[in-house]
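Hi everyone, thanks for coming.

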Amino acid sequence: MNRIVPFLLATAVLSGAGCGNYSKDDLLFFSAIPELRDVSLQPPGVDDARLEAATPGQTTQALDACTENTLRCQAQNIAGGLNDLTFGLLAIIDNIMRYPPSQRSSEERVWGPIYLQDQNASFRFAMRRLDDGDEPRYAHCLHFANGDVGDSANDIGCDEARHDSGMLRVLSGEFIPGVRSDAAARSGAGQLLLEADHLKELDPNQDIEGTFDIVYDNFGGTQAISIDIEAPGSTGAIPDTAEYTYALFENGAGEFAFVIKADINGDFFSTKETYAIESRWNASQAGRATAKVSGGDLPDGLSWDVDECWNEQLETVYYRDPEPNNPDVGADDSVCALTAP
Ligand SMILES: [Ca+2]
Ligand SMILES: [Ca+2]
């Protein structure tokens, strides 16, 4: 999943060298972009050096994959892949905003349309301040087109999915900046919606399509993130549909659950199974995960159930699955830090 948006990322790299003259008001728009920490999934085992980046555009390479055959490891790897996606999208925005804005008003900043000669593509990014509540909210949107759209795309609204100029909206959503009391505090809320169908329309060689919807909310002390993927027809590691929900509480305990529709059991008819994992951990990072595969090529009424516990050192202390070749771990689940869901 880490090469999910190469078309956009190429743009991000191109624009990285820009540096503008920013007004104090420009910086307000900048401050709406969440920090990586605000949007990252960190189930036990994820120790992501990228969180130390000063801005989303300064991320370093992705995490190494966890190689144990455990649910905890799977959850860790899936979290890493989703972080790649979110961080990549934020890096694009961060890098675009390093250009001086081409339009400034009290409510709006617009970057572009900028023509990228070597990709023969144009992009336009806008952030609009919405003052309809107690908290400032910023709508943002990124449009792309093949070729040079010139000045024909100066006035696109964020609600316009496609524009006469050929511009298609590929990324949009809202940022609600929070108050930062110290550097480590998570804050803010918002949404990033990637319309990969439009990317595919612009570049048929893309191997993704559908929509990727990332919503985060760090108000109230709990970090809550949900990611919905609707990507029928996507290839590789991307499931057809998936819903991920993540919560990290102030004491460090948390939960990460997801339901994926994908072809997990590839036998015979090769229809899609439903794969659900529920992972929970306590403040010491010891936790329990259960998984269930059902539907698809599994016989009616039958499911494949896995139950696993790990300790504070992330060692598996209890394991059960129906496969005879995968040995049990632990005499019973009394060694588990958490009870069965
Ligand atoms: Ca199947
Ligand atoms: Ca077994």
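Let's start with a quick one: is Asn 120 buried or exposed? Asn 120 is exposed, because 10 other C-beta atoms lie within 10 Å. The cut-offs are these: buried takes 20 or more other C-beta atoms within 10 Å of a residue's own, exposed takes 12 or fewer, and partly exposed is in between, with C-beta atoms placed from the backbone.

Before going on, some housekeeping. This is a predicted model, where local features need pLDDT of at least 70 and side-chain atom pairs count only at pLDDT 80 or more, while totals for chains, interfaces and linings use all residues. Residues are numbered from 1 along each chain as its sequence is written, and chains are lettered from A and ligands numbered from 1 in the order in which they are written.

Now the overview. The chain has five helices and 14 strands. Of its 341 residues, 38% count as buried.

Okay, the inside. A nonpolar core here means buried Ala, Val, Leu, Ile, Met, Phe, Trp, Tyr and Cys residues joined through C-beta atoms within 7 Å. The largest one has 65 residues, and Leu 89, Ile 93 and Phe 144 have the most contacts inside it. Helix α4, residues 71–96, gives the largest share of this core, 13 residues. Apart from that core lies another, of five residues, including Trp 281 and Trp 310. As background, in soluble globular proteins nonpolar side chains tend to be buried together.

Let's stay with α4 for a moment. Of its 26 residues, 24 are buried. From first C-alpha to last, α4 reaches 38 Å, close to the 38 Å expected at 1.5 Å a residue; the expected span is 1.5 Å times one less than the number of residues.

On to the strands. Two of them pair if DSSP finds at least two bridges between them. Take β5, residues 168–176, where eight of nine residues are buried. With β4 (residues 137–146), β5 pairs antiparallel over seven bridges, and Tyr 138 has Phe 175 in β5 as its bridge partner.

The pairing of β9 (residues 241–248) with β10 (residues 254–262) is antiparallel, over eight bridges. β10 also pairs antiparallel with β11 (residues 273–281), over nine bridges.

Most residues other than glycine have a negative phi, and most peptide bonds are trans. Back to Asn 120, then: its phi is positive, about 45 degrees, although it is not a glycine, and it lies in the loop between β2 and β3. Leu 314 has a positive phi too, about 70 degrees, and is not a glycine either. That residue is in the loop between β13 and β14, and it counts as partly exposed because it has 18 C-beta neighbours inside 10 Å. And the peptide bond from Gly 112 to Pro 113 is cis, with omega near 10 degrees; Pro 113 is found in β2, residues 108–116.

Note on methods. Helix = DSSP H or I, 4+ residues; strand = E, 2+ residues; numbered from the N terminus.
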